[in-house]
Amino acid sequence: MSSLDVRTPPRGRTVRGADAAMEQDPPRTARRRLRNDLVALAFLLPALFCFGYFAWWPVVKGLELSFQQTNLVDPAQWVGLRNFHRIIEDPLLTTAVRNTLLFAGLALVIGFPLPLLLAVHMSTLRRLAGLYRYLVYLPVMLPPVVGVLLWQMFYEPDHGLFNQVLGLAGLGPYPWLQSTRSAMFSLVLESTWAGMGSATLIYLAAITRVPPELYEAAETDGALVWRRVWHITLPQLRGTVLLLLLLQLIGTLQVFAEPYLMTDGGPENATVTVLLLVYRYAFVDGDYGAASAMSLLLAVALSLLSALYLWSTRRWSSS
């Protein structure tokens, strides 16, 4: 070979040589990584700014307002813990807390097992499965206000759909929303109908991940349907069930649309909830400080409840 014969090294060998050179030059590599990180941060800054401004700034502002007396027009005055004293001394607070807990309890008894039962039943369907999934999820696609007003028409004592159907069997008419005994139960029924579609599809997706050989083995041993559900389906869905239970507790303890639109807290304050009381403080009394203080107490209560729930169920969810 001539001394003037110069061969080009293979492409892969050149790349490996460049990588080796970079490894031998740590400061250059560090500067390049820092430059890449800064470029990525520059692209993320607008999203981070929007998230911080619209998600966290209201939280900080609400915390500030809870220690102030303000109508959002005149200059605010710092009043310390006076807002908290006012809401604690309000006789409606006990009623609102009791009604909120009652709503959450009824929703848990009625609305929590229903999506699971529907999902188990729908998982056994072979025909028109897509249609049933669409029908179950249809209430979720409706705007919440539309669903509430629709059920309010169904609950009308004279010409409502429910009393007309029951009248065919010689029953009723019943004062669904006008009676202190049935008003809260009526709200729970509408809330269950409006929200069970999402939970049903989540359960249905989780059921599809259960190994089919477990059902085949149980069926070979002669296990009935509900025995297979109890010993196979529910243990496999333990994590999903615990998560949806926590989400339902948080959601029902913040109920607002149903009592506000259907009963306005009546009759005789039988459906006044904590968030409805917050609304009255802010937009009826114009006391945004008291409304912020009560919202802060609710947020602290929900945070403690979530922490206690996660701590008490960590062994079940991980097993």
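## Burial and surface

Of the 319 residues in the protein chain, 32% are buried (under 20% relative accessible area with a 1.4 Å probe, protein chains only). The accessible surface comes to about 20,700 Å², and carbon and sulfur atoms hold 66% of that (Shrake-Rupley method, 1.4 Å probe).

Keep in mind that this is a predicted model, where local features need pLDDT of at least 70, side-chain atom pairs count only at pLDDT 80 or more, and totals for chains, interfaces and linings use all residues. Residues are numbered from 1 along each chain as its sequence is written, and side-chain values use heavy atoms, leaving out hydrogens and water.

## Overall shape and fold

The protein chain has a radius of gyration of 29 Å, while a compact globule of 319 residues would sit near 20 Å (taken over C-alpha atoms; the globule rule is 2.2 Å times the number of residues to the power 0.38). Along the principal axes, its C-alpha atoms fill a box of roughly 110 × 75 × 35 Å.

You'll find 15 helices and 2 strands here (DSSP runs: H or I of at least four residues for helices, E of at least two for strands, numbered from the N terminus).

## A look at Thr100

Thr100 is part of helix 4, residues 91-111. It counts as buried because its relative accessibility is 4%. A polar atom of the Thr100 side chain lies 2.7 Å from the backbone oxygen of Ala96.

Leaving aside residues up to four places away in sequence, Thr100 touches Thr252, Leu253, Thr273 and Val274 (heavy atoms within 4.5 Å).

Notes
Buried < 20%, exposed > 50% of the residue type's maximum accessible area, 1.4 Å probe, protein only. Polar contact = N/O pair within 3.5 Å; in protein donor to acceptor, adjacent residues only side chain to side chain.
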